[in-house]
Amino acid sequence: MARRRVRTWAAAVATGVLVVVVATASAAAAAGAEEKLMVEMTLVPGAASTGAVCLDGSPPAYHLHQGSGAGARGWLLQFEGGGWCNGARSCAQRARTSLGSSSLMNKLDTFSGLLSNDPAMNPDFYNWNRVKMRYCDGGSFTGNSEFRNGSSVIYMRGQRIWDAIITDLFQKGLAKAEKVLLSGCSAGGLATFFHCDDLEERLRGTAMVKCMSDAGFFLDVDDISGRNTVRSFFNGVVDFQGVQKNLNKNCSDSTVKSYQCFFPQYALRSIRAPYFILNSAYDVYQFFQNFVPRSSDPRGQWSRCKVALSACNSSQIATLQGLRSAMLMALKPFEGESKVGMFINSCFSHCQSESQDTWFAPNSPRLHDKTIAKLVGDWFFERGAAQEVDCPYPCDSTCHNIIPF
């Protein structure tokens, strides 16, 4: 008897954060039975003295669950995601939320998926030191500017926040690490491209450093109207937040426009450290915000398709295949490179490493019978080939997405 599917679709487009939660009934039951690991927040001491502050001037923060046993000298650093702000108005609004102020953040955070401490749920990294770096700068941890309007100040200090967190973690054992995985989801996944080589350089001669982007491979792609809305938006982030000088210099020297290095497809070419790309070829954030933004669909012809794929007509499905084609084209230069791993599935999803259901579970997504956790582990520990690319939608029956059955 086929298992009953349970589907949930939630979007918070106004804040730039899109959340998709889909699971089978059996996975939902397993998640309910899982004992949640709640980790306390740490405010970075002395960060304000270096100007490393959130948008509202509050100190940056992270959550650390210490490793043990054989994993005591392994470190997994995870950037939190949550969109961006690219102007005074959007950054001021963001400063009044948990994505712009540590004073508004939850003081406890759930660690699951690749942050889990359960060997049955996270077999390769469960006993490492695992850190979640909270996101409060709106520029993927790269900005270094401020905006003043009378007595009001907005601080875009993402680069300084990164420096302050790493400096503090060095004092807590990171300096003695032997193995390090720098990861992140969404805007946090994008941040890994900017800080991967920096971390590798800081630990050179001490630790093996590798990096993974989860749903952070944002494409430099035209929307369905022929305009490139994401390029315009990212250009605004780079200019307003003063990101230019913090982008990869090798990339910046090889491109005409500095904002291009805010796109992973250009930045990755200049990164020295080994890299893993975990992404859906039909990433729902890019589908909603970059490929079919509201401005490209004034008559709302895509509204029903965005609610449920069963409502998409054949022409719309064919158009969505163009998003997959753009993803594969951007990744083509890295095919066959031993230092680059890939798990590119054809699920309509966004971020798959922090959720237990998609990271490692009895019914989690698979490519050639490999879970995400298995392929990432094989790549990190060099246990075998680690590049898997899915066939086009709707061929994959292991997906956790909005496809009705």
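Let's start with the link of Cys251 and Cys261. About its S-S bond we have -100 degrees, and the link is left-handed. Cys251 sits in helix α6, residues 249–254, and Cys261 in the loop between α6 and α7 (264–267), so this pair ties together parts ten residues apart in sequence. The S to S distance is 2.1 Å. Both Cys251 and Cys261 are buried. Keep in mind that this is a predicted model.

How many disulfides does a search of the whole structure find? Eight. I will take two others.

Next, Cys347 and Cys399. Their sulfur atoms are 2.2 Å apart, and they form a disulfide. The torsion about the S-S bond is about -85 degrees, so this disulfide of Cys347 and Cys399 is left-handed. Cys347 lies in the loop between β13 and α11, while Cys399 lies in the segment after β16, so the pair ties together parts 52 residues apart in sequence. Are these two buried or exposed? Buried means under 20% relative accessible area. Cys347 comes in at 1%, so it counts as buried. Cys399, at 5%, counts as buried too.

Now Cys185 and Cys351. A disulfide joins them, S to S 1.8 Å. There are 90 degrees about this S-S bond, and the link of Cys185 and Cys351 is right-handed. This pair links distant parts of the chain: Cys185 is in strand β10, Cys351 is in the loop between β13 and α11 (356–359), and they are 166 residues apart. Cys185 and Cys351 are buried.

That brings us to β10 itself. The strand covers residues 179–185, and six of its seven residues are buried, so the rest of the structure largely encloses it.

What are its neighbours? On β5, residues 74–79, the pairing with β10 is parallel, over six bridges. Look at Phe79: its bridge partner in β10 is Gly184. Strand β11, residues 208–214, also runs parallel to β10, and seven bridges join the two. Here Gly184 stands opposite Ser213 in β11. Between β10 and β11 the chain crosses through helix α4, residues 187–202, and this β-α-β crossover is right-handed.

A word on α4. Its 16 residues, at 1.5 Å a residue, should span 22 Å; the end C-alpha atoms are 23 Å apart, which agrees. Where does α4 bend? At His195, by about 50 degrees. Of the 16 residues of α4, 13 are buried, so this helix is largely enclosed by the rest of the structure.

Zoom out to the sheet. Strands of a sheet pair through backbone hydrogen bonds, either parallel or antiparallel.

β12, residues 275–280, and β13, residues 340–345, pair in the parallel sense over six bridges. Leu278 has Phe343 in β13 as its bridge partner.

To recap, follow β10. It pairs in parallel with β5, and seven bridges join β10 to β11.

Methods: Residues numbered from 1 in each chain as written. Predicted model: local features only at pLDDT ≥ 70, side-chain atom pairs only at ≥ 80, totals over all residues. Heavy atoms only, no water. Buried < 20%, exposed > 50% of the residue type's maximum accessible area, 1.4 Å probe, protein only. Helix = DSSP H or I, 4+ residues; strand = E, 2+ residues; numbered from the N terminus. Pairing = 2+ DSSP bridges. Right-handed = clockwise from strand over helix to strand, strands pointing away. Expected span 1.5 Å × (residues − 1). Bend = angle between axes of the 7 residues up to and from the residue. Disulfide = S-S within 2.5 Å.
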